[in-house]
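Please walk me through this model stop by stop. Tell me what to select next and what is there.

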Amino acid sequence: MPEPSRAAALAADAADPLAFTRARFALPAGVTYLDGNSLGALPVGVAATVADAVTREWGTDLITSWNANGWWGLPARLGDRIGALVGAAPGQVVCGDSTSVQLFQALVALTRLTPGRTRLITDGANFPTDQYLAESAARLLGLELVRVSPAELASVLNERAAVVAFSAVDYRTGELWDAPAVTAAVHGAGARMLWDLAHVAGAVPFDLDGVGADAAVGCSYKYLNGGPGAPAWLYVAARHHDVLDLPLTGWQGHAEPFALHASYAPAAGIERGRIGTPSILGMRALDAALDAFDGVSLTNLRAKSLALTDLVIAYADAYLPGVEPVTPREHARRGSQVALRLEHAYEVTQALIVRGVVGDFRAPDMLRLGLTPLYLRHVDVWDALEALRRVLASGEWRAPRFARAAGGAVT
Ligand SMILES: Cc1ncc(COP(=O)(O)O)c(C=O)c1O
């Protein structure tokens, strides 16, 4: 990698085909936001859209809004908008509830597609909620839960495997796994593949249909910028829809929701993935947020994401002794974040925040920098790294106010 410089960063910004999307976000002055992999920034259209949904749709149109303002169709419509960003043809993604709920739905439903098999496989480094839901699903269904890294999958993949559930990008290290190869191996063993795309959707192109995933889930508050608690989403490949037996059989997923039958009969297609009454205000916010992707080429998005993460790695190599990039250097193995391992990572993260550079800390020793291509410039990243260099060189992180209080919250 060439030695980075501020001039090169400015030149990259001048040539950036995605420069136009930064104006689509309401970014706070004096802040460089490198935490979009936790909570994405606020897109400009969201506030007015939500205000309109509150005052006009809810306040004036009241219950007629389910039809007149399209509320009923939002889970499927948003599902298709998200699907377009993760390689899903229309009619296979439904939006709603949380990632955790959707994980439960998918884990149980995929297990029901593989009767007689007894093993549920997840990654011991997976985000905790993925592991907790896998534990519960395994308990409920009488399965053995096996934890293994995607890199070691072959050692546990056999005729006993029912479902393999991995995150495509490791939330701590930023490692991007080889989804086509993993999915093919899982299918080769006769099992089903569930991908968690929380750290993929909106930053890393993915081809759900192309890799042949059976199901996928993701949140909408990271790179999709849908806001805190934004409704999550569930993808199930169309080939499974007719026999798809989801565990949470809410009335909105019924074939005839307004007939109010006593017994459940699933709706056709991905509509059966609806559960209860969706969070309309959250969906309105997400709908407006997704406008930030209008006219955005996913190829350009990926190229910029890689350029920004390259910059972090090259800068660390050149100017930050004692700071080790944990995220893989190969582009094909990298998501849209860089995790830096360093001593006193917690204190350094706090000191950086005071300097207006917001990243986050992941135990035990990582500073995690999320690089959102839609609103970050190369020069923002350069200046943030210069701030990190100053924090380390000056030792300002040693100030008592940055110390980690015992049992205190972790940003
Ligand atoms: C991979 C992954 N899955 C799930 C979640 C969170 O699940 P939920 O949206 O239900 O809080 C996160 C949160 O960061 C995550 O990184």
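**Before you start.** This is a predicted model, in which local features need pLDDT of at least 70 and side-chain atom pairs count only at pLDDT 80 or more, while totals for chains, interfaces and linings use all residues. Residues are numbered from 1 along each chain as its sequence is written, and side-chain values use heavy atoms, with hydrogens and water left out.

**Stop 1: confidence.** Colour by pLDDT (the predictor's confidence in each residue, from 0 to 100). The chain averages 96, and 98% of the residues score at least 70. Now select residues 406-411, where pLDDT stays under 50. The model has nine contacts beyond four places in sequence for this stretch; a contact means heavy atoms within 4.5 Å. Where pLDDT is low, predicted coordinates should not be read in detail.

**Stop 2: the seven-stranded sheet.** Helices (H or I, at least four residues) and strands (E, at least two) are DSSP runs, numbered from the N terminus. Two strands pair if DSSP finds at least two bridges between them. Select the open sheet with the order β2-β8-β7-β6-β5-β3-β4; its pairing is mixed. At the edges stand β2 (93-95) and β4 (144-147), each with a single partner strand, so one side of each has no neighbour in the sheet. From one strand to the next, the twist averages 15°. Angles run from 0 to 180 degrees between N-to-C directions, with axes as lines fitted to C-alpha atoms, for helices over the stretch in contact.

Zoom in on β3 (residues 119-122) and β5 (residues 161-167), a parallel pair with four bridges. Thr122 stands opposite Ala165 in β5.

**Stop 3: the four-stranded sheet.** Select β9-β10-β13-β12, an open sheet with antiparallel pairing. Its edges are β9 (324-325) and β12 (360-362); each has a single partner strand, so one side of each is left without a neighbour in the sheet. Five bridges join β10 (residues 337-341) to β13 (residues 366-370). Gln337 stands opposite Gly370 in β13. Helix α10 (residues 298-319) lies across β9, β10 and β13, at about 20° to β10.

**Stop 4: the largest pocket.** A pocket is an open set of points on a 1 Å grid over the protein atoms alone, with protein on both sides within 12 Å along at least five of seven lines; a cavity is a set where a 1.4 Å probe fits but cannot get out; lining residues have an atom within 4 Å of a point. Grid points are joined across faces, edges and corners, and a volume is the space filled by probe spheres set on the points. The largest pocket has a volume of about 240 Å³. Of its 22 lining residues, Phe127, Asp130, Ala198, His199 and Lys222 lie nearest its centre. Helices α5 and α6 each supply at least two lining residues.

**Stop 5: the cavity.** A search of the whole structure finds one cavity of 30 Å³ or more. About 50 Å³ of space lies in the largest cavity. Among its lining residues are Cys95, Asp97, Gln102 and Arg274.

Stop 6: Asp97 has a positive phi of about 60° although it is not a glycine. Finally, select Ala363 and Pro364, joined by a cis peptide bond with omega about 0°. Pro364 sits in the loop between β12 and β13.
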